[in-house]
Every structure is written in structure tokens, then in C-alpha cells.
Amino acid sequence: MPEPIRLQKYLAQRGVASRRGAEEMILAGRVTVNGRIAEIGMSVDPQDDLVAVDGQALGQQRDRPVVLMLHKPRGNVTTMNDPHAARTVSELVKDYPARLFPVGRLDKDSEGLLLMTNDGALANALTHPSSHVAKIYRVTLRGTVSDVEKEKLTSGMELDGRPTQPIELRVLAEELDRTVLQLILREGRNRQIRRMCEALDLEVLRLKRTALGPLKLGLLPAGQWRELTPEEVRRLRKQ
């Protein structure tokens, strides 16, 4: 059973406004809870309380399809239940009143943008091999990366007996002890970037997904989540 949360935090999670913007909306009398004008500092039960903004009910999460953007930190396994894992992504959304599951995967040591949803049709569409939704990663490698190695990353290589699709590559930083690349993939093979780097004897120091289709992780803190706005979901479905 989810714990009550502050109203302004709830509005921010629902994508209505930032917390500061939500406070201003509450002070302006634009928000009601169960038909009564809301007040700053009050808490709501997302499962049972009916919150409305300008007379438009938001609806309880348990009764509607929902998509969250989660900033997965390193160390959390992308699964909802694994008795052998110390930490899973399910722990990060345990207070959400709808049962959610991850869309695709980020391996334990990777971090960044991960979608969580209860919309099976959307999840299947985004993860189907024919979707080709762009995924952008920031990859930090130990040492320097040669032009030949960059070419092999971009042109593709054989994994599991078949070639990978071409990858877009941009150099973000080059130093003696590390190289930072931006890689854009349009397929989702298991641990693809790590396996390609291992094949070239490149050591991955950090791997972070920063964007998925039209969505950007932005400044969302690690371990935190927010609900996508209706416009973001619309653009995602269009992908």
C-alpha cells in the first residue's frame, strides 16, 4: 500500500508542473482534492484521492495506462523480482500504486533512462526488433580509441552470428586516460555496447543512456522517477 505523499510532489510526478509550479497552482486555488480546494503542505493518497487541476481530474494511476521515466542508478538489476539480486529497479518505484514493469533492459552496471509502464502494447512496440527507436548512450572508455576502432564501432561487427546495424558515433572528450563517446543505436541486442567494446579490447568505465526516441533524461536525479506528460507519451507512441 503506497504511503501518502505531498501534493506538490504528486503533481510534479504526474507531469503537471515542477514542484515550485505546483505550489503556485495550489496557492492560486487551481487544485482540488476530493472536490475541496487544496492547501500547501497537504498530502494525498495517489490510489484513493481524486486530484483535479482547473476542474480536470487526473485520475488514479491504478485505473489507467501510465509510463514513468526512471533514472536507473548503477547496481540495480532491471527486473521486478530477483531473489539473487541485492537491488532491483522495482524498489525504486515501490511507492507507485500501479504494478509496473521495465521497458527493455539496462544491465546492472549501466545507468540512465529506463521506462517503466503498465502498458504492454506500448512496451512491445518499443522493444520489437522492427521499431528502430534511437537510443543514445554516453560511454566512457579507458585510454584512447583509435580511428580503426571507431570505424569498427560505427560500421558494425558480428555478434551472435549476425552483424550489428551501423551506429552513429560522436567524440565528446579525448584525454590520455579516457575517451568519452556518444553512441546512437537503433537496435537493442543484449549488452550490445559492452560486448562490442570487449571485442575491441576497450574497457568501459561508465555507460549511461541519456535519451530514448524523443525523450531525454535531462537533470532527473539518479534513483528518481517522473511520469511522462501526455504529450511525451503521444510522441513516444508516434515513434
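**Close-up 1. Arg191 in the loop between β14 and α5**. In this predicted model, in which local features need pLDDT of at least 70, side-chain atom pairs count only at pLDDT 80 or more, and totals for chains, interfaces and linings use all residues, Arg191 has a positive phi of about 50° although it is not a glycine. Residues are numbered from 1 along each chain as its sequence is written, and side-chain values use heavy atoms, with hydrogens and water left out. Helices (H or I, at least four residues) and strands (E, at least two) are DSSP runs, numbered from the N terminus. Arg191 is partly exposed, with a relative accessible area of 34%; buried means under 20%, exposed over 50%, and partly exposed in between, with a 1.4 Å probe and protein chains only.

**Close-up 2. Asp201 in the loop between α5 and β15**. Asp201, although not a glycine, has a positive phi of about 60°, and Asp201 is exposed, with a relative accessible area of 73%. Most residues other than glycine have a negative phi.

**Close-up 3. The largest nonpolar core**. A nonpolar core is a set of buried Ala, Val, Leu, Ile, Met, Phe, Trp, Tyr and Cys residues joined through side-chain atoms within 4.5 Å. Among the 30 residues of the largest one, Leu68, Leu100, Met116, Val139, Leu141 and Ile193 touch the most other members. Two or more residues each come from β7 (67-72), β9 (111-117), β10 (135-142), β14 (178-185), α5 (192-199) and β15 (204-212). A second, separate core has 16 residues, including Val103, Leu122, Leu126 and Val133.

**Close-up 4. The aromatic pair of Tyr96 and Trp225**. Rings of Phe, Tyr and Trp (its six-membered ring) pair if their centres lie within 6.5 Å, and planes under 30 degrees apart count as stacked, over 60 as edge-to-face and the rest as tilted. Tyr96 and Trp225 are edge-to-face, at 5.3 Å centre to centre with 80° between the planes. The pair links distant parts of the chain, 129 residues apart, with Tyr96 in the loop between β7 and β8 (101-103) and Trp225 in strand β17 (residues 225-227). Both Tyr96 and Trp225 are buried.
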